[in-house]
Amino acid sequence: MKRTKVSLLLTVALAGVLAATVAGPASADPTPQPKDVVGVGSDTTEYAVNFLADGVRVGSLYSPGYNASAGARLVSFNATGSTPVVLKSGTTAVTRPNGSGAGKATLFGAGANSNVNFARSSSSLSAAEVSAGLWQVPFALDGLKLATATTSNAPASITAAQLVGIYNGSISNWNQIGGASGAIVPMIPQTGSGTRTVFLAQLQAANGGVAVTLASTVVEVQEHDAAPIAANANAVAPFSTGRAKTATGIKLEGGWSYTRALYNVVRSADLSSVWFTQVFGADGFVCSGSGQALIEAAGFDQLSVPADGGVCGVPTQAATTNLTVN
């Protein structure tokens, strides 16, 4: 159903207050019960899904999440933390899935885990994931830019061509592209990260369709951990523009950028389930006006529902190109 102007204005007003003052969710792991809807995976969207599940309190202002009135809770395990983790009460502990790829791997094949209902993902499905019958449900819009330390030797802007040179090693000092002298320390998210997958694809696109061989100087770091970037005036790494809104010690470079949809991924058999419709469907909580405030509090834009010209809540196996937002 198309939203009214009044409901949208109220949602935007609340989101503005939340985005200005919200703190990150608690780090303690949940204790899901057998009937709960459990998700794992992407570091990029963990705050957004936590907010959608449990709501956000800022001072005396509270925006409730799905679990405020749900019988079966929406439960989401962060990408990082202690490991192993118990995904549902009474089941065997497993290694914590860290990143989009690791999350999606729990839904099919050798790594399939029946205690996982959905995977958070910041990258589109691979051919293998499509063949396995996975479907991705777009819900939010994010951007990727290059992050450097607040005080950095990097120039204010980095082009796509320069980006390729930095990561293949042909550009090794910031003074080669207009910055101060300093040996560049290129960083990339851990294997299994959706941001890493997207970033490597964009490097290849900027390199005329040829995959870039990463230089030996490229350092692997945890996705969206600002600390190693902030601590090094010569560091550079791809970073979510949504996650950067609450990060400290870093700034986003001008020049190269990329816009992407964010997804929740499910098995084909679950597309007709009641919990899927109530949580992730176009008429479900994630795509509702209440969901919009919580998504924006996490730094992202909610995609519009089909009635408003968008694709929020519409299952697909292809990368989302309709990025219409509310």
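These legends describe close-up views of a predicted model.

View A. S122 is part of the loop that runs between β5 (118-121) and α4 (127-131). The residue has a relative accessibility of 1% and therefore counts as buried, the cut-off being under 20%. Its side chain reaches the backbone nitrogen of T195 at 3.4 Å. Apart from neighbours within four places in sequence, the residues in contact with S122 are S42, T44, S100, G194, T195, V198, E223, R260, A261 and L262.

**View B. The aromatic pair W275 and F280.** A pair of aromatic rings is described by the distance of the centres and the angle of the planes. For W275 and F280 the ring centres are 6.3 Å apart and the planes stand at 80 degrees, so the pair is edge-to-face; planes over 60 degrees apart count as such. W275 has a relative accessible area of 17% and is buried. F280 is also buried, at 3% relative accessibility.

**View C. The aromatic cluster around W275 and F280.** F118, W275, F276 and F280 make up one aromatic cluster. Seven aromatic pairs are counted in the model, including the edge-to-face pair of W275 and F280.

**View D. R243 over the ring of Y47.** R243 lies over the face of Y47. The distance from the ring centre is 4.6 Å.

How values were computed: Residues numbered from 1 in each chain as written. Predicted model: local features only at pLDDT ≥ 70, side-chain atom pairs only at ≥ 80, totals over all residues. Heavy atoms only, no water. Helix = DSSP H or I, 4+ residues; strand = E, 2+ residues; numbered from the N terminus. Buried < 20%, exposed > 50% of the residue type's maximum accessible area, 1.4 Å probe, protein only. Polar contact = N/O pair within 3.5 Å; in protein donor to acceptor, adjacent residues only side chain to side chain. Contact = heavy atoms within 4.5 Å. Phe/Tyr/Trp six-rings, centres within 6.5 Å; stacked < 30°, edge-to-face > 60°. Lys NZ or Arg CZ within 6 Å of the ring centre and 35° of its normal.
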